[in-house]
Amino acid sequence: MGDDLAARRPGGNRVLIPRGRPLLGPSGRAWASGLLAGCAILVGLLGLVFRGQTRAGGFDTAIDTSFIAFFAGHRDLLPWLAKPGTPIPAVLISAVIAAGCLLAGRLNGAVLALAAVPAADGLTDGLLKPLIHRTYFGGVVYPSGHTTAVVALTATLAVLLLVPPQRSSTRVARVLLVAIFCVASALVATAVIALRWHYFTDTVAGAAVGVGTVCALALILDLVWPPASRRAVAGTAHKRQARSTASPR
(Lines give C-alpha, C1' and ligand atoms only; values in the text may rest on other atoms or scores of the structure.)
Protein backbone atom coordinates (compact mmCIF):
# COMPACT_ATOMS: atom_id res chain seq x y z
CA MET A 1 0.00 0.00 0.00
CA GLY A 2 1.20 3.54 -0.73
CA ASP A 3 1.40 6.37 1.79
CA ASP A 4 -1.95 7.52 3.14
CA LEU A 5 -3.59 10.61 4.47
CA ALA A 6 -5.53 10.26 7.73
CA ALA A 7 -9.08 11.58 7.83
CA ARG A 8 -12.16 11.10 9.98
CA ARG A 9 -15.60 9.85 9.21
CA PRO A 10 -18.59 11.68 10.70
CA GLY A 11 -18.83 8.98 13.40
CA GLY A 12 -15.28 9.67 14.51
CA ASN A 13 -13.55 6.59 13.06
CA ARG A 14 -10.33 7.31 11.23
CA VAL A 15 -9.94 6.24 7.62
CA LEU A 16 -6.97 6.38 5.31
CA ILE A 17 -7.13 8.21 1.99
CA PRO A 18 -4.55 6.82 -0.50
CA ARG A 19 -2.25 9.55 -1.73
CA GLY A 20 0.71 7.71 -3.20
CA ARG A 21 4.40 7.49 -2.59
CA PRO A 22 6.61 10.56 -3.20
CA LEU A 23 6.86 11.57 -6.84
CA LEU A 24 10.65 11.91 -6.84
CA GLY A 25 11.98 10.62 -3.55
CA PRO A 26 15.38 11.61 -2.14
CA SER A 27 17.33 10.25 -5.12
CA GLY A 28 15.14 12.01 -7.68
CA ARG A 29 15.10 15.44 -6.08
CA ALA A 30 18.76 16.09 -6.91
CA TRP A 31 18.41 15.52 -10.65
CA ALA A 32 15.03 17.28 -10.75
CA SER A 33 16.58 20.33 -9.08
CA GLY A 34 19.44 20.27 -11.56
CA LEU A 35 17.07 19.97 -14.51
CA LEU A 36 14.94 22.82 -13.19
CA ALA A 37 17.97 25.08 -12.83
CA GLY A 38 19.27 24.16 -16.28
CA CYS A 39 15.90 24.78 -17.93
CA ALA A 40 15.50 28.14 -16.20
CA ILE A 41 18.97 29.26 -17.27
CA LEU A 42 18.40 28.14 -20.88
CA VAL A 43 15.03 29.91 -21.17
CA GLY A 44 16.41 33.06 -19.55
CA LEU A 45 19.54 33.24 -21.71
CA LEU A 46 17.67 32.61 -24.96
CA GLY A 47 15.07 35.15 -23.88
CA LEU A 48 17.74 37.80 -23.40
CA VAL A 49 19.19 37.04 -26.84
CA PHE A 50 15.86 37.07 -28.69
CA ARG A 51 13.97 39.76 -26.79
CA GLY A 52 12.19 42.06 -29.23
CA GLN A 53 13.44 40.12 -32.27
CA THR A 54 11.23 40.40 -35.36
CA ARG A 55 13.10 38.08 -37.73
CA ALA A 56 15.11 34.88 -37.48
CA GLY A 57 18.85 34.93 -36.98
CA GLY A 58 21.25 32.87 -39.03
CA PHE A 59 21.06 29.82 -36.76
CA ASP A 60 17.27 29.60 -36.82
CA THR A 61 17.13 30.37 -40.54
CA ALA A 62 19.49 27.51 -41.39
CA ILE A 63 17.47 24.96 -39.38
CA ASP A 64 13.99 26.25 -40.15
CA THR A 65 14.60 26.34 -43.90
CA SER A 66 15.41 22.64 -43.99
CA PHE A 67 12.24 21.74 -42.06
CA ILE A 68 10.07 23.92 -44.29
CA ALA A 69 11.58 22.48 -47.47
CA PHE A 70 11.28 18.87 -46.30
CA PHE A 71 7.54 19.21 -45.56
CA ALA A 72 6.76 21.43 -48.56
CA GLY A 73 4.66 18.70 -50.17
CA HIS A 74 2.95 17.63 -46.94
CA ARG A 75 1.35 20.84 -45.68
CA ASP A 76 -1.98 19.13 -44.98
CA LEU A 77 -0.29 16.68 -42.62
CA LEU A 78 1.41 19.28 -40.46
CA PRO A 79 -1.64 20.56 -38.48
CA TRP A 80 -2.38 16.97 -37.47
CA LEU A 81 1.19 16.49 -36.27
CA ALA A 82 0.87 19.65 -34.19
CA LYS A 83 -2.53 18.62 -32.73
CA PRO A 84 -1.24 16.98 -29.48
CA GLY A 85 0.11 20.36 -28.40
CA THR A 86 -3.27 22.11 -28.70
CA PRO A 87 -5.44 22.73 -25.61
CA ILE A 88 -8.24 20.15 -25.99
CA PRO A 89 -6.06 17.07 -26.66
CA ALA A 90 -3.59 18.17 -23.97
CA VAL A 91 -6.35 18.56 -21.39
CA LEU A 92 -7.92 15.22 -22.33
CA ILE A 93 -4.59 13.40 -22.07
CA SER A 94 -3.95 15.08 -18.71
CA ALA A 95 -7.33 13.85 -17.48
CA VAL A 96 -6.60 10.29 -18.61
CA ILE A 97 -3.24 10.32 -16.81
CA ALA A 98 -4.88 11.73 -13.67
CA ALA A 99 -7.56 9.03 -13.76
CA GLY A 100 -4.89 6.35 -14.03
CA CYS A 101 -3.10 7.82 -11.03
CA LEU A 102 -6.30 7.80 -8.97
CA LEU A 103 -6.92 4.16 -9.86
CA ALA A 104 -3.36 3.38 -8.77
CA GLY A 105 -3.83 5.23 -5.48
CA ARG A 106 -1.44 8.06 -6.38
CA LEU A 107 -3.36 11.22 -5.56
CA ASN A 108 -0.20 13.34 -5.74
CA GLY A 109 0.39 11.98 -9.27
CA ALA A 110 -3.12 13.02 -10.27
CA VAL A 111 -2.47 16.53 -8.96
CA LEU A 112 0.74 16.69 -10.99
CA ALA A 113 -1.03 15.48 -14.14
CA LEU A 114 -3.83 18.03 -13.82
CA ALA A 115 -1.54 20.95 -12.95
CA ALA A 116 1.39 20.44 -15.36
CA VAL A 117 -0.08 21.68 -18.65
CA PRO A 118 -2.03 24.67 -17.21
CA ALA A 119 1.00 25.78 -15.19
CA ALA A 120 3.40 25.44 -18.12
CA ASP A 121 1.03 27.16 -20.55
CA GLY A 122 0.35 29.93 -18.04
CA LEU A 123 4.06 30.56 -17.70
CA THR A 124 4.52 30.57 -21.48
CA ASP A 125 1.52 32.64 -22.54
CA GLY A 126 1.04 34.76 -19.44
CA LEU A 127 4.64 35.71 -18.67
CA LEU A 128 7.32 34.77 -21.17
CA LYS A 129 5.67 35.63 -24.49
CA PRO A 130 4.66 39.17 -23.44
CA LEU A 131 7.98 39.70 -21.65
CA ILE A 132 10.30 38.52 -24.44
CA HIS A 133 8.00 39.68 -27.27
CA ARG A 134 9.79 37.86 -30.05
CA THR A 135 7.57 37.91 -33.14
CA TYR A 136 7.07 35.86 -36.29
CA PHE A 137 4.75 37.37 -38.90
CA GLY A 138 3.52 39.71 -36.18
CA GLY A 139 2.62 37.07 -33.58
CA VAL A 140 4.56 36.55 -30.34
CA VAL A 141 6.25 33.16 -30.50
CA TYR A 142 8.80 32.66 -27.69
CA PRO A 143 8.49 30.03 -26.26
CA SER A 144 6.38 27.67 -28.37
CA GLY A 145 3.13 26.93 -26.52
CA HIS A 146 2.48 23.76 -28.52
CA THR A 147 5.87 22.35 -27.59
CA THR A 148 5.49 23.46 -23.98
CA ALA A 149 2.22 21.56 -23.56
CA VAL A 150 3.24 18.27 -25.17
CA VAL A 151 6.63 18.19 -23.43
CA ALA A 152 4.93 18.90 -20.08
CA LEU A 153 2.78 15.80 -20.68
CA THR A 154 5.85 13.75 -21.60
CA ALA A 155 7.78 14.92 -18.54
CA THR A 156 4.78 14.13 -16.32
CA LEU A 157 4.66 10.57 -17.63
CA ALA A 158 8.43 10.24 -17.16
CA VAL A 159 8.10 11.21 -13.50
CA LEU A 160 5.16 8.89 -12.91
CA LEU A 161 6.41 5.88 -14.88
CA LEU A 162 10.21 5.96 -14.76
CA VAL A 163 11.19 7.26 -11.32
CA PRO A 164 11.94 4.27 -9.03
CA PRO A 165 10.58 2.24 -7.41
CA GLN A 166 8.59 0.64 -10.22
CA ARG A 167 7.43 -2.89 -11.01
CA SER A 168 9.96 -4.71 -13.13
CA SER A 169 7.19 -6.63 -14.90
CA THR A 170 5.86 -3.42 -16.49
CA ARG A 171 9.22 -1.87 -17.41
CA VAL A 172 8.93 -2.41 -21.17
CA ALA A 173 5.40 -0.97 -21.36
CA ARG A 174 6.33 2.05 -19.24
CA VAL A 175 9.43 2.87 -21.26
CA LEU A 176 7.54 2.36 -24.53
CA LEU A 177 4.76 4.76 -23.49
CA VAL A 178 7.21 7.49 -22.52
CA ALA A 179 9.14 6.91 -25.78
CA ILE A 180 5.92 7.35 -27.78
CA PHE A 181 5.30 10.68 -26.11
CA CYS A 182 8.89 11.73 -26.78
CA VAL A 183 8.34 11.02 -30.48
CA ALA A 184 5.04 12.94 -30.37
CA SER A 185 6.84 15.90 -28.78
CA ALA A 186 9.46 15.89 -31.53
CA LEU A 187 6.75 15.74 -34.20
CA VAL A 188 4.85 18.65 -32.66
CA ALA A 189 8.01 20.76 -32.58
CA THR A 190 8.81 19.80 -36.17
CA ALA A 191 5.29 20.66 -37.33
CA VAL A 192 5.16 24.15 -35.79
CA ILE A 193 8.51 24.98 -37.38
CA ALA A 194 7.45 23.67 -40.81
CA LEU A 195 4.15 25.57 -40.54
CA ARG A 196 6.13 28.75 -39.86
CA TRP A 197 4.42 29.25 -36.53
CA HIS A 198 7.70 29.17 -34.59
CA TYR A 199 11.45 29.35 -34.93
CA PHE A 200 13.53 26.34 -33.93
CA THR A 201 14.76 28.04 -30.76
CA ASP A 202 11.15 28.74 -29.75
CA THR A 203 10.59 24.98 -29.58
CA VAL A 204 13.80 24.47 -27.58
CA ALA A 205 12.61 27.03 -25.04
CA GLY A 206 9.13 25.49 -25.01
CA ALA A 207 10.59 22.07 -24.21
CA ALA A 208 12.64 23.61 -21.41
CA VAL A 209 9.57 25.30 -19.93
CA GLY A 210 7.62 22.03 -20.05
CA VAL A 211 10.36 20.00 -18.35
CA GLY A 212 11.19 22.71 -15.84
CA THR A 213 7.55 23.20 -14.85
CA VAL A 214 7.02 19.50 -14.19
CA CYS A 215 10.23 19.30 -12.15
CA ALA A 216 9.19 22.33 -10.10
CA LEU A 217 5.69 20.95 -9.46
CA ALA A 218 7.03 17.52 -8.48
CA LEU A 219 9.53 19.10 -6.07
CA ILE A 220 6.82 21.28 -4.54
CA LEU A 221 4.39 18.38 -4.16
CA ASP A 222 7.05 16.27 -2.46
CA LEU A 223 7.87 19.18 -0.16
CA VAL A 224 4.36 20.14 0.95
CA TRP A 225 2.99 16.60 0.80
CA PRO A 226 5.47 14.56 2.85
CA PRO A 227 5.00 10.83 3.16
CA ALA A 228 2.71 9.82 6.02
CA SER A 229 3.54 6.90 8.25
CA ARG A 230 1.20 4.01 7.69
CA ARG A 231 -1.18 3.69 10.62
CA ALA A 232 -3.70 1.07 11.60
CA VAL A 233 -7.09 1.95 10.17
CA ALA A 234 -9.05 0.21 12.88
CA GLY A 235 -7.22 1.59 15.89
CA THR A 236 -9.83 4.07 16.99
CA ALA A 237 -12.72 1.87 15.91
CA HIS A 238 -11.41 -1.06 17.96
CA LYS A 239 -11.20 1.06 21.08
CA ARG A 240 -14.74 2.32 20.62
CA GLN A 241 -15.99 -1.20 20.00
CA ALA A 242 -14.20 -2.51 23.07
CA ARG A 243 -15.81 0.14 25.25
CA SER A 244 -19.28 -0.50 23.84
CA THR A 245 -19.11 -4.31 24.28
CA ALA A 246 -17.47 -4.37 27.70
CA SER A 247 -19.54 -6.06 30.46
CA PRO A 248 -21.15 -3.61 32.88
CA ARG A 249 -19.74 -3.54 36.39
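Arg196 lies in the loop between α7 and α8. In this predicted model, the phi angle of Arg196 is near 65 degrees, a positive value in a residue other than glycine. Arg196 is partly exposed, its relative accessible area being 40%. A second case of positive phi is Phe137, a residue other than glycine with phi near 55 degrees. Phe137 is placed in the loop between β3 and β4. With a relative accessible area of 68%, Phe137 counts as exposed.

Two peptide bonds also deserve mention. The bond from Tyr142 to Pro143 is cis, with omega near -5 degrees, and Pro143 is found in the loop between β4 (139–140) and α6 (145–162). The bond from Pro164 to Pro165 is likewise cis, with omega near 0 degrees; Pro165 has its place in the loop between α6 and α7 (171–194). As background, most residues other than glycine have a negative phi, and most peptide bonds are trans.

## Overall architecture

The chain contains 9 helices and 4 strands. Read from the N terminus, the order of these elements is β-β-α-α-α-α-α-β-β-α-α-α-α. The chain has 249 residues, and buried residues make up 41% of them.

## Salt bridges

A search of the whole structure finds 4 salt bridges. One of them pairs Asp60 with Arg134, with the closest N and O atoms 2.7 Å apart. This pair links distant parts of the chain: Asp60 belongs to helix α2 (residues 58–70), whereas Arg134 is in the loop between α5 and β3 (135–136), and the two are 74 residues apart. Asp60 has a relative accessibility of 2%, so this residue counts as buried. Arg134 is buried as well, with a relative accessible area of 0%.

Arg134 also meets the side chain of Asp202 in a salt bridge, at 2.8 Å from N to O. Because Asp202 lies in helix α8 and Arg134 in the loop between α5 and β3, this pair ties together parts that are 68 residues apart in sequence. Asp202 is buried, with a relative accessible area of 0%. Through salt bridges that share partners, Asp60, Arg134 and Asp202 are joined into one network.

The salt bridge between Lys129 and Asp125 has its closest N and O atoms 3.4 Å apart. Lys129 and Asp125 are 4 residues apart in helix α5, and are therefore separated by about one helical turn.

Empty space in a structure is shown by rolling a probe the size of a water molecule over the atoms. The second largest pocket has a volume of about 210 Å³. Its lining comprises 15 residues, of which Leu36, Leu123, Val209, Gly212 and Thr213 lie nearest the centre of the pocket.

Which helices each supply at least two residues of this lining? They are α1 (25–50), α5 (107–132) and α8 (200–224). The largest share, 7 residues, comes from α8.

## A nonpolar surface patch

Ile41, Leu45 and Leu48 form a nonpolar patch on the surface. Together, these three residues have about 340 Å² of accessible area. Ile41 is located in helix α1, one of the helices that supply at least two residues to the lining of the second largest pocket. Why does Ile41 count as exposed? The relative accessible area of Ile41 is 52%, and the exposed class begins over 50%.

Methods. Residues numbered from 1 in each chain as written. Predicted model: local features only at pLDDT ≥ 70, side-chain atom pairs only at ≥ 80, totals over all residues. Heavy atoms only, no water. 1 Å grid on protein atoms, 1.4 Å probe; cavity = no way out; pocket = protein on both sides within 12 Å on 5 of 7 lines; lining within 4 Å. Points joined across faces, edges and corners; volume = space filled by probe spheres on them. Patch = residues over 30% accessible without salt bridge, like charges linked within 9 Å, V, L, I, M, F, W, Y side chains within 5 Å. Areas by Shrake-Rupley, 256 points an atom, 1.4 Å probe, with all protein chains shown as cover. Buried < 20%, exposed > 50% of the residue type's maximum accessible area, 1.4 Å probe, protein only.
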